[in-house]
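Here are my notes for anyone opening this one for the first time. Have a look at the model, then go through the points in order.

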Amino acid sequence: MSARSEERAGPASPQPRTAAGTASADVAARATTGFRQRYGAEPAGRWAAPGRVNLIGEHTDYNDGFVLPFALPMRTVVAAAPRDEPRWTVWSELDDEPVGFGPEEADEPGRVPGWAAYVAGVVWALRAAGQPVPGARLAVASDVPVGSGLSSSAAIESAVLAALVDLGNLDLPAERWPRLAQHAENDYVGAPTGIMDQSAVIRGRAGHALFLDCRTEQVDQIPFDLDAAGLAVLVVDSRAPHRHADGEYASRRRSCEEAARILGVPALRDVDPADLDAALAKLPDDETRRRVRHVVTEDQRVLDTVALLRAGRVGEIGPLLTASHASMRDDFEITVPEIDTAVEAALAAGAYGARMTGGGFGGCVLALVDASAADAVADAVAAAYAERGFAAPATRAVHPTGGVTRLD
Ligand code: ADP
Ligand code: MG
């Protein structure tokens with residue numbers, strides 16, 4: 001199976017334009033109601049995991065580089081209760097029918113297809129790690145948009161993981177959770193993602209972005225207090241259909257690996273930006289040179305963003321965001337007209353910076369704006385879309401929130 005959303009089972013979730021954080025109480029209530037209706041009992045508890053967005057650092061993860069995601073106010077909530085036999089039943093409001101599976105299906109990747117694979121994958125990863133996973137009934141509700149690049153997949157994995165760890169009193173420190181959830185997605189679902197999504201969703205902290213070194217997996221909480229700065233981040237779901245995303249992703253990745261081989265470094269992260277010109281001169285063609293330039297300069301932009309945020313200069317990161325976009329558009333060539341239109345319209349309406357976020361060929365744009373200008377920028381993007389005849393975008397104001405947690 002591919003990493004891309006258009007091949008996933010399950011319809012897209014509704015995507016209202018919401019103020020940040022308002023929907024979570026509803027989502028938790030929907031999980032409880034779904035649990036009662038499906039199972040005729042009360043859940044033993046509820047666990048919530050956020051979506052995430054990457055502030056900067058695109059296609060740097062598989063080059064052993066840097067990323068800077070943060071956890072979003074939108075959440076996936078799992079209501080769950082243990083059961084005596086080793087069997088799992090899961091219902092999601094995205095589907096009519098609950099899905100049930102036992103150890104045989106859980107222990108063999110591929111046996112549970114569709115969306116429930118994300119749940120079975122967590123059971124599988126825990127069992128593969130030797131954990132005595134309790135049987136459980138689960139009900140899932142979410143306001144994380146599905147397949148938009150805001151990581152609804154890591155959200156469901158992480159909420160299910162937290163529920164099973166608690167229900168079974170498993171001895172599993174939270175530092176190990178991101179790897180386990182990634183393992184579920186890579187090796188049970190079959191989607192080749194890096195460690196960023198699960199790290200942000202599990203380790204995110206309110207008012208902070210998570211600086212992640214994808215080589216060492218070291219994380220650092222970086223202050224990112226939008227309210228104090230009078231700023232807002234808008235996330236615009238471009239609604240662009242993902243075009244050829246899997247093949248393009250694979251070819252970008254191959255180019256990077258081939259370039260690292262030619263340059264004699266373990267990964268492009270090891271190319272010093274100060275030596276970039278000399279490195280580029282050793283590469284065989286212009287396309288490869290542009291791919292490498294994107295990755296090397298993008299790593300540096302992440303470091304520069306972290307330095308500004310550490311200095312409390314939040315408003316000054318805008319030009320780095322916009323430069324990241326230009327690099328993705330011109331050098332890495334992973335943007336599409338809807339995405340470029342959203343970025344240009346946001347900038348023209350006064351955003352400090354704007355960029356595509358996520359792997360590309362669709363997905364979301366984020367824009368850093370004055371809080372007071374958020375609606376005007378959202379309207380300007382919508383107007384630009386209407387003018388071009390694109391399907392209306394969905395825009396939300398977001399802020400960094402905490403990672404996966406038990407609600408009650
Ligand atoms: P993204 O993570 O960007 O939203 P992915 O394609 O990685 O997109 O993951 C989306 C898939 O994850 C869905 O198609 C579905 O299979 C599964 N999923 C995510 N959230 C839910 C949910 N609330 N209920 C059921 N399945 C879900
Ligand atoms: Mg995902």
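1. Start with what sits over helix 11 (residues 318–331): the cover of its buried residues includes helix 10 (286–310), helix 12 (337–348), strand 10 (353–357) and strand 11 (364–370). The buried residues themselves are Gly318, Leu320, Leu321, Ser324, His325, Ser327, Met328 and Asp331. Some terms: helices (H or I, at least four residues) and strands (E, at least two) are DSSP runs, numbered from the N terminus. Buried means under 20% relative accessible area, exposed over 50%, and partly exposed in between, with a 1.4 Å probe and protein chains only. Contact means heavy atoms within 4.5 Å.

2. A word on the source: this is a predicted model, where local features need pLDDT of at least 70 and side-chain atom pairs count only at pLDDT 80 or more, while totals for chains, interfaces and linings use all residues. Residues are numbered from 1 along each chain as its sequence is written, chains are lettered from A and ligands numbered from 1 in the order in which they are written, and side-chain values use heavy atoms, leaving out hydrogens and water.

3. Back to helix 11. Its 14 residues reach 20 Å from the first C-alpha to the last, close to the 20 Å expected at 1.5 Å a residue (the expected span is 1.5 Å times one less than the number of residues).

4. Most residues other than glycine have a negative phi. Glu217 is not a glycine, yet its phi is positive, about 65°; this residue lies in the loop between strand 7 and strand 8 and counts as partly exposed at 28% relative accessibility. Phe361, also not a glycine, has a positive phi of about 60°. You'll find Phe361 in the loop between strand 10 and strand 11, and at 8% relative accessibility it counts as buried.

5. Strand 7 (residues 208–213) pairs with strand 8 over five bridges, and Leu212 has Val219 as its bridge partner in strand 8.

6. Now the six-strand sheet, which is open and mixed, in the order 5-4-6-3-1-13. Strand 5 and strand 13 (405–406) stand at its edges, each with a single partner strand, so one side of each lacks a neighbour in the sheet. Strand 4 and strand 5 run antiparallel, joined by three bridges; Val90 has Val99 as its partner in strand 5. Helix 1 packs on this sheet, touching strand 1 (45–54), strand 3 (69–83), strand 4 and strand 6 (135–142), with its direction at about 140° to that of strand 6. Helix 6 (residues 196–203) packs here as well, touching strand 1 and strand 3, at about 130° to the direction of strand 1.

7. There are seven aromatic pairs. Rings of Phe, Tyr and Trp (its six-membered ring) pair if their centres lie within 6.5 Å; planes under 30 degrees apart count as stacked, over 60 as edge-to-face and the rest as tilted. Phe35 and Tyr39 have ring centres 4.7 Å apart and planes at 65°, so this pair is edge-to-face. Both lie in helix 1 (residues 24–39), four residues apart, about one turn of the helix, and both are buried. Trp88 and Phe101 are stacked, 5.7 Å centre to centre with 20° between the planes. That pair links distant parts of the chain, with Trp88 in strand 4 (residues 88–92) and Phe101 in strand 5 (residues 99–101), 13 residues apart.

Methods. Two strands pair if DSSP finds at least two bridges between them. Axes are lines fitted to C-alpha atoms, for helices over the stretch in contact, and angles run from 0 to 180 degrees between N-to-C directions.
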